[in-house]
Amino acid sequence: MMPLPEDGPRQLPLDLGHEPSHAEDDFLVGAGNALAHARILAWPHWPDGMTLLVGPAASGKSHLARIFVDRSHALVVAPQTIGAVAAAQGSEPLLIEDVDRLDYDEHDLFHLLNQAMRGERALLLTARDEVAHWPLRTEDARSRVRRATVFRLEPSDDIELSQMFVKLFGDRQVRIDPRVIGYLVPRMERSAEEAAALVDLMDRLALARGSAVTRTIAAEALALRGSAKQAGRQQDWDAETDE
């Protein structure tokens with residue numbers, strides 16, 4: 001979490017534990033995610049057993065995963081439970097999130113992938129990276145996961161980013177002037193992850209100062225994000241020159 005600047009008296013922002021809404025009706029459908037959304041809604045009439053959602057953080061993968069669980073009553077698999085699920089030989093649908101970043105046992109994952117390939121159960125996977133970059137140790141597991149039907153999620157235009165800001169602020173029960181969103185969208189890095197980071201920073205700045213989220217706060221958040229990224233790039237460059 002980016003620290004707030006020390007610029008005089010301020011209120012202490014409270015961590016209110018904002019929980020985003022994953023209700024089906026709250027999913028924002030746009031050109032960048034329409035195919036993935038349609039795939040989830042098509043269950044149980046999938047033509048194959050495996051579906052993979054790939055996209056950056058905050059792109060909507062977890063929201064679609066929750067819709068899938070609500071519709072299919074799928075079992076949510078964790079690294080701590082994958083062994084028991086694989087050994088149980090069940091047939092209920094499964095959800096495995098962040099399969100590229102969490103430490104899932106590869107033998108158990110291979111077993112569940114095989115079950116889905118044979119049509120014994122539906123399997124939804126989510127990941128940030130393409131399969132080629134996953135830290136899989138065996139070609140057997142990699143070849144199986146490559147059989148999954150892949151859907152990629154990205155905000156594709158200004159309208160989708162604007163809608164995303166409305167939802168992210170709404171999840172925090174924060175009213176936002178549309179003109180502030182209109183100021184942000186053309187000036188920001190165009191990604192769902194950056195939108196989420198900006199909303200968090202603007203909310204904390206507004207809470208610390210006891211004010212609404214204004215264009216001034218939006219401009220400050222953009223400047224802080226830009227400075228942080230520049231500092232990160234400088235550190236990376238310094239590390240490379242030291243080698």
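**Reading the sheet**

Modeller: Strand β1 (residues 50-54) pairs with β5 in the parallel sense, over four bridges. Strands are DSSP runs of E, at least two residues long, and helices are runs of H or I, at least four long, numbered from the N terminus. Two strands pair if DSSP finds at least two bridges between them. The model is predicted, so local features need pLDDT of at least 70 and side-chain atom pairs 80 or more, while totals for chains, interfaces and linings use all residues. Residues count from 1 along each chain as its sequence is written, and side-chain values use heavy atoms, without hydrogens and water.

Biologist: Which residue in β5 is the bridge partner of Val54?

Modeller: Arg152 is the partner of Val54. Thr51 has Thr149 as its bridge partner in β5.

Biologist: How many bridges join β1 to β4?

Modeller: Strands pair through backbone hydrogen bonds. Five bridges join β1 to β4, and the two run parallel. Leu52 has Leu125 in β4 as its bridge partner.

Biologist: In what order do the five strands form the sheet?

Modeller: The order is β2-β3-β4-β1-β5, in an open sheet with parallel pairing. The edge strands, β2 (75-77) and β5 (149-152), each pair on one side only.

Biologist: Are the residues of β1 buried or exposed?

Modeller: In a regular strand, side chains alternate between the two faces of the sheet. Here both faces of β1 are covered: Met50, Leu52 and Val54 on one side, Thr51 and Leu53 on the other, are all buried (under 20% relative accessible area; exposed is over 50%, partly exposed in between; 1.4 Å probe, protein chains only). Five of the five residues are buried, so β1 is largely enclosed by the rest of the structure.
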